[in-house]
Amino acid sequence: MAFKDLQEYIAALSLRRDLKKITVPVDPVLEITEIADRMVKRGGPALLFENAAGSPFPVAINLFGTLQRLCFALGVEDLDEIAKRVVGLIPQSPPDTFFEKMRFLVKLKEISGFQPRKVSAGPVQELVEKTPNLLRLPVLKCWPKDAGRFITLPLVVTRNPHTGQQNIGMYRIQIVSETKAIMHWHVHHDGAKNFRLHQAQGQDMEVAIVLGGDPATIYAATAPLPPGFDELLFAGFLRGEAVEVVRGTTVDLLLPAHGEFLIEGSVSATETMLEGPFGDHTGFYSGADNYPVITIKTITRKKTPIYPATIVGRPPMEDCYFGKATERIFLPLIRLQLSEVSDINLPCEGVFHNCVIVAIKKEYPGHARKVASALWGMGQMMFVKAIIIVDEDVDVQNLSEVAWKVLSSVDPERDTFMVKGPLDVLDHAAPQSIYGSKIGIDATRKLKEEGHLRPWPEEIKMAPEIKALVDKRWKEYGF
Ligand SMILES: [Mn+2]
């Protein structure tokens with residue numbers, strides 16, 4: 001059963017005792033961040049601030065802040081259930097490129113019922129604000145040196161002017177005034193691409209910002225889908241039920257009908273403003289830069305909406321769990337291209353683009369380097385700064401085991417290699433923005449062709465019969 005919207009999900013969390021309601025007034029400026037940060041760090045519940053200072057609307061945060069909660073949000077016990085459904089969609093003899101293979105998700109359309117379903121009216125349009133005013137929303141100022149208040153969990157809907165294809169992405173939005181805001185998207189984001197296509201024709205771009213919606217749609221907005229792949233179709237697949245959409249009141253876009261708020265307006269082709277600094281998901285502040293200005297025309301909403309938010313900052317944060325969902329759901333697609341990959345871990349501390357640990361079934365000299373090169377050539381993996389390759393018997397999810405195996409199995413001179421390439425815009429260590437060096441660490445057992453001239457030592461393991469004996473006698477020992 002799929003959640004219809006955020007409020008149904010929040011009610012279900014409450015029933016599971018995985019939601020804490022805070023009734024005293026709390027300030028969306030910094031105070032909510034400090035509380036939410038403590039909760040996410042201790043694996044605490046989702047939070048509903050019923051009395052957000054300066055706003056008539058409650059704030060929900062930490063809605064996806066543990067792996068169990070995210071699974072619950074997506075309607076599964078384990079994320080691998082989704083991965084198995086993805087595998088089921090992939091044909092036996094797929095075409096050549098990774099993206100073509102990913103596009104086979106388009107098969108979804110055939111087994112349909114998952115394509116967004118247009119409805120004539122939706123709760124997100126229950127009420128039209130007489131005068132749209134972003135300042136009435138309980139938008140957080142997240143960290144002390146942030147430039148202002150930022151919408152952090154928006155579904156930003158744009159359209160490709162040539163194909164008509166819509167895109168949903170999650171990009172932070174800085175509030176400037178009642179009707180002005182600044183859109184922060186990175187150059188490779190689909191929303192930014194749609195914007196450049198409008199800009200090239202000298203046109204402002206229609207935009208809709210949906211706050212809320214069902215949990216699968218919110219996750220889908222963060223997933224690294226190939227360009228042109230509909231996030232709402234993916235969300236429909238995840239929840240096993242089509243997402244209902246309504247036409248905007250002042251923009252020609254189809255929008256999730258069960259959002260809490262719907263903000264409509266346009267992104268200026270010409271006008272920019274200084275956006276940031278912003279305390280980012282790297283755990284450091286991102287500097288200020290110029291980004292396009294959004295002018296708001298209309299705000300519609302439910303009669304009693306909840307404002308959804310998240311915070312980023314020193315990991316682990318809530319976005320870590322979205323990243324984990326992506327890691328699990330997309331692993332089968334990586335394995336299509338690289339069948340030798342047995343598992344992969346994007347540790348939270350690596351904030352997705354700093355580190356990937358990958359286990360492989362090694363078959364020939366140089367195999368680890370081949371896998372690293374292939375990953376660096378695959379979609380958003382191109383941004384990864386460090387790729388660590390281990391043998392398949394290493395549990396890549398166990399960072400203690402990884403540290404032990406890597407540190408003991410690497411000859412730094414022989415087993416590390418550096419290449420240059422694109423880097424994430426948030427990598428502040430690179431000498432210049434978005435370009436620099438990457439490292440591969442081959443921590444697999446070395447072969448003699450790889451220059452290892454001695455036998456590889458055997459790992460210590462207890463004899464199975466002794467383990468069984470100790471298991472059996474465990475109580476006898478008096479522990
Ligand atoms: Mn997209």
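**Exercise 1. Decide whether cysteine 320 and cysteine 348 are buried or exposed, and state how they are joined.**

Step 1. Cysteine 320 and cysteine 348 are both buried. Buried means under 20% relative accessible area, exposed over 50%, and partly exposed in between, with a 1.4 Å probe and protein chains only.

Step 2. A disulfide joins cysteine 320 to cysteine 348, with an S to S distance of 1.6 Å. The term stands for a pair of cysteine sulfur atoms within 2.5 Å. A disulfide is a covalent bond between the sulfur atoms of two cysteines.

Step 3. Cysteine 320 sits in helix H10 (residues 318-337), and cysteine 348 in the loop between S19 and S20. They are 28 residues apart, so the pair links distant parts of the chain. Helices (H or I, at least four residues) and strands (E, at least two) are DSSP runs, numbered from the N terminus.

Step 4. Count. The structure holds one disulfide.

A note on the source: this is a predicted model, in which local features need pLDDT of at least 70 and side-chain atom pairs count only at pLDDT 80 or more, while totals for chains, interfaces and linings use all residues. Residues are numbered from 1 along each chain as its sequence is written, and side-chain values use heavy atoms, with hydrogens and water left out.

**Exercise 2. Find which cysteine sulfur is nearest to cysteine 71, and which is nearest to cysteine 142.**

Step 1. For cysteine 71, the nearest cysteine sulfur is that of cysteine 320, 13 Å away. Cysteine 71 is in no disulfide. Its relative accessible area is 6%, so cysteine 71 is buried.

Step 2. For cysteine 142, the nearest cysteine sulfur is again that of cysteine 320, 17 Å away. Cysteine 142 is in no disulfide either. At 1% relative accessibility, cysteine 142 counts as buried.

**Exercise 3. Identify what coordinates the manganese ion.**

Step 1. List the donors: Asn167 (OD1), Asp190 (OD) and Glu231 (OE), at 2.1 to 2.2 Å. Donors are N, O and S atoms within 2.8 Å of the metal (3.2 Å for Na, K and Ca); water is not among the atoms, so sites may look incomplete.

Step 2. Read the spacing in sequence: N-x22-D-x40-E.

Step 3. Aspartate 190 lies in helix H7 (residues 190-200) and glutamate 231 in helix H9 (residues 231-239), so this pair ties together parts 41 residues apart in sequence.

Step 4. Check burial. Aspartate 190 is buried at 14% relative accessible area. Glutamate 231 is buried at 4%.

**Exercise 4. Trace the salt bridge of arginine 328 and the network it belongs to.**

Step 1. The side chains of arginine 328 and aspartate 343 meet in a salt bridge (2.7 Å, N to O). A salt bridge is a side-chain nitrogen of Lys or Arg within 4 Å of a carboxyl oxygen of Asp or Glu.

Step 2. Arginine 328 lies in helix H10 and aspartate 343 in strand S19, so the pair ties together parts 15 residues apart in sequence. Both residues are buried.

Step 3. Widen the view. A network of salt bridges links Asp80, Lys324, Glu327, Arg328 and Asp343.

Step 4. Glutamate 476 counts as exposed at 57% relative accessibility, whereas arginine 473 is partly exposed at 34%.
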